[in-house]
Amino acid sequence: MAWFKRKEKGITTPTEDKKDTPKGLWYKSPTGKIIESDELARNLWISPEDDYHVRIGSKEYFEILFDDNQYKELFGSITAKDPLKFVDTKKYSDRLKEAKDKTKLKDAVRVAVGKSKGADLVVACMDFAFIGGSMGSVVGEKIARGIDHSIKHNIPFMMISKSGGARMMEAAYSLMQMAKTSAKLALLADAKIPYISLCTDPTTGGTTASYAMLGDINIAEPGALIGFAGPRIVKDTTGKDLPDGFQTSEFLLEHGFLDFVVHRKQLKDKVNQYIDLVLNQPLR
């Protein structure tokens, strides 16, 4: 005999009384592996079963790179305008407001300075959550000012790219950032200050065509998508089938576009090791 027996047929719980499973407790990787979100964070947002590097933002990268998560954010008050009064399916000004409200960010990049393994480091990190990490005028301006800060204080500069490319709602204003940031990096090179570029998933479009590939050392996370145009566009343009793993960080490393592929757990140690080697100083 069953211990419990349903007296009434059907579901009788009112909709407002139903309890849903809270969101964000579990993460499912593209290969189907499931992990608790807390465990994923403790593992630096890497799936332990398949080593998949989950997309993360500036908050998480700063936590990884800066000693004791202590840093000072620079130029945090700069925000984008809508000089072209651009409208597609909605107003660009509305897109900006929605992105700010959703992400609690001012734009698609944050710049910070702090100690990394005991030495000062300026880090500019993009956030894909803000309009696909698109490169608008604010992104270019904050990166340029971050480079100026590195030059003024003689501090190594690191760029973490994660972007869908230029923010076309700003048209030429966006495209100008490619030349602007590249020129600033030339000044950084003239000052003989190290520049480490980290490409993460995805690094595409104008970002790849400018600062993401101009590092003294260009590195990437495992499995990251890196390229100018996407694989479908390349295939349609060339009319040829693409090789396996095309535009992954491992493919680019094999073909000479990257210096190293760096596991996230080794990122802090490797970045500082590269800086020490470039500066010809004792390894920390």
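1. P202 is found in strand 7 (residues 195–203); helices (H or I, at least four residues) and strands (E, at least two) are DSSP runs, numbered from the N terminus. A cis peptide bond joins D201 to P202, with omega about -5°. The model is a predicted one, in which local features need pLDDT of at least 70 and side-chain atom pairs count only at pLDDT 80 or more, while totals for chains, interfaces and linings use all residues. Residues are numbered from 1 along each chain as its sequence is written, and side-chain values use heavy atoms, with hydrogens and water left out.

2. Contact here means heavy atoms within 4.5 Å. The relative accessible area of S163 is 0%, so S163 is buried; buried means under 20% relative accessible area, exposed over 50%, and partly exposed in between (1.4 Å probe, protein chains only). The side chains of S163 and T207 make a polar contact at 3.0 Å. A polar contact is a pair of N or O atoms within 3.5 Å; within protein, one must be able to donate a hydrogen and the other to accept it, and residues adjacent in sequence count only if both atoms are side-chain atoms.

3. For the chain as a whole, there are 8 helices and 9 strands. Its C-alpha atoms fill a box of roughly 85 × 50 × 45 Å, taken along the principal axes. Of the 284 residues in the chain, 42% are buried. Among contacts with a separation of 6 or more, 66% come from residues 24 or more positions apart.

4. Which helix comes within 9 Å of helix 4, axis to axis? It is helix 5 (residues 172–190), whose axis crosses that of helix 4 (residues 137–153) at roughly 5°. Helix 4 is therefore roughly parallel to helix 5. Axes are lines fitted to C-alpha atoms, for helices over the stretch in contact, and angles run from 0 to 180 degrees between N-to-C directions. Angles under 35 degrees count as roughly parallel, over 145 as roughly antiparallel, 65 to 115 as roughly perpendicular and the rest as oblique.

5. The contact between these helices is made by S137, G140, E141, I143, A144, I147, D148, S150 and I151 of helix 4, together with Q177, K180, T181, K184, L185, L187 and L188 of helix 5. By class, this contact has 7 nonpolar, 5 polar and 4 charged residues. Ala, Val, Leu, Ile, Met, Phe, Trp, Tyr, Cys and Pro count as nonpolar, Asp, Glu, Lys and Arg as charged, and the others, Gly among them, as polar.

6. The structure holds 17 salt bridges, a salt bridge being a side-chain nitrogen of Lys or Arg within 4 Å of a carboxyl oxygen of Asp or Glu. One of them joins the side chains of K268 and D67 (2.6 Å, N to O). This pair links distant parts of the chain, 201 residues apart: K268 is in helix 8 (residues 267–278), and D67 is in the loop between helix 2 (58–65) and strand 3 (71–74).

7. The side chains of R264 and E221 meet in another salt bridge (2.9 Å, N to O). R264 lies in the loop between strand 9 (260–261) and helix 8, and E221 in the loop between strand 8 (217–220) and helix 6 (231–238), 43 residues apart. Both R264 and E221 are buried.

8. R167 forms a salt bridge with E170, with the closest N and O atoms 3.9 Å apart. R167 and E170 are buried. A network of salt bridges links D107, R167 and E170.

9. Is E60 buried or exposed? With a relative accessible area of 19%, E60 is buried, and its place is in helix 2. A polar atom of the E60 side chain lies 2.9 Å from the backbone nitrogen of G57. The C-alpha atoms of E60 and C125 are separated by 10.0 Å, although these residues are 65 residues apart along the chain.

10. D51 is not a glycine, yet has a positive phi of about 65°; D51 is found in the loop between helix 1 (37–42) and helix 2, and counts as partly exposed at 38% relative accessibility. K104, also not a glycine, has a positive phi of about 60°. K104 lies in the loop between helix 3 (92–103) and strand 4 (109–116) and is exposed, with a relative accessible area of 70%.
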